[in-house]
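Subject: Structure handover

Hello,

Please find below the structure I said I would pass on. My notes on it come after.

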Amino acid sequence: MSSDDMNPAAVAQPVEDVHGDGRWMSQHTRFVQECKDAEPDVLFVGDSMVQLMQHYEIWRELFSPLHALNFGIGGDTTCNVLWRLQNGELENIRPKVVVVWVGTNNHEHTAEQVAGGVLAIAQLLTTRLAKTKIVVLGLLPRGERPNPLREKNAAVNGLLRSWLPRLGQAQLLDVGAEFVHSDGAVSPQDMFDFLHLTPSGYRAVAKPLCDLLLQILEETPEERRPSLVV
């Protein structure tokens, strides 16, 4: 995208409380409070793909030991995540790595706009957290069979693969190919509704992600770890 202000997917905005129960803002407020109480090494931020991960054993097995916080909210778009990060969810914390997984809910935006929205999030993170590494998880294929939304998500990943390295501290991890069989089908054993992941589906994402996070954390200079100095 030539300019973020021309991209509707890069405009920060909260979720409209159409149901009247304030749940989205309540979750955001809780995350802001967690920033005051926790010292995460890894921060996960995104939509339901992030949110649901912490309810599976794989989170406790691989990511809890990394001192990870989960700031995922179901249904979020790039616009919503951008707003949350601009409004308190980065205060008082200095994670060594931020994992971003968002974009599949940007139904009103083109692939280029969605990629620009994710890039805007990564740019904000590099500005606010100059020493933090950023891992953007690629959008997964959706739908049991090939369809336009799956093609759109693949196009988003292709753009991010080109754009993110220019930031210097951001990279794309795309494991989507693992979910598409030779006939083009996605199995309900991996995605129970052909969008959200099963335990085995999360494991297919979590293993390469954890390996990458461990590599990044091991490369982190010791001066970034004052709490470990006795």
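The notes cover ring pairs, nonpolar cores and salt bridges, in that order.

This is a predicted model, in which local features need pLDDT of at least 70 and side-chain atom pairs count only at pLDDT 80 or more, while totals for chains, interfaces and linings use all residues. Residues are numbered from 1 along each chain as its sequence is written, and side-chain values use heavy atoms, with hydrogens and water left out.

Aromatic rings

A pair of aromatic rings is described by the distance of the centres and the angle of the planes. Rings of Phe, Tyr and Trp (for Trp, its six-membered ring) pair if their centres lie within 6.5 Å; planes under 30 degrees apart count as stacked, over 60 as edge-to-face and the rest as tilted. By this rule there are 6 aromatic pairs. In one of them, the ring centres of Trp-24 and Trp-83 are 5.6 Å apart and the planes are at 50°, so this pair is tilted. Trp-24 belongs to helix α1 (residues 23-37) and Trp-83 to helix α4 (residues 78-86), so the pair links distant parts of the chain, 59 residues apart. Helices (H or I, at least four residues) and strands (E, at least two) are DSSP runs, numbered from the N terminus.

Trp-24 counts as buried, at 9% relative accessibility, and Trp-83 also counts as buried, at 17%. Buried means under 20% relative accessible area, exposed means over 50%, and partly exposed is in between (1.4 Å probe, protein chains only).

Phe-44 and Phe-63 form an edge-to-face pair, because their planes are at 65°, with the centres 5.1 Å apart. Phe-44 is in strand β1 (residues 42-46) and Phe-63 is in helix α3 (residues 57-63), 19 residues apart. Both Phe-44 and Phe-63 are buried. Ring pairs also bring in Trp-59, giving a cluster of Phe-44, Trp-59 and Phe-63.

Nonpolar cores

A nonpolar core is a set of buried Ala, Val, Leu, Ile, Met, Phe, Trp, Tyr and Cys residues joined through side-chain atoms within 4.5 Å. The largest one has 38 residues, and those with the most contacts inside it include Leu-85, Val-100, Ile-121 and Val-136. Helix α5 (residues 111-128) gives the largest share of this core, 10 residues. Apart from this core lies another, of 32 residues, among them Val-42, Trp-59, Leu-137 and Cys-210.

Salt bridges

Side chains of opposite charge can pair when their charged atoms come close. A salt bridge here is a side-chain nitrogen of Lys or Arg within 4 Å of a carboxyl oxygen of Asp or Glu, and the structure holds 11 of them.

Arg-30 and Glu-34 form one, at 3.3 Å from N to O. Both lie in helix α1, 4 residues apart, about one turn of the helix. Arg-30 is partly exposed at 44% relative accessibility, and Glu-34 is partly exposed at 24%.

Glu-57 and Arg-60 form another, at 3.1 Å from N to O. These two are 3 residues apart in helix α3, about one helical turn. Glu-57 is partly exposed, with a relative accessible area of 45%.

What is the N to O distance in the salt bridge between Asp-76 and Arg-84? It is 2.9 Å. Asp-76 is buried, at 0% relative accessibility, and Arg-84 is buried, at 0%. Salt bridges that share partners join Asp-76, Arg-84 and Glu-89 into one network.

Regards
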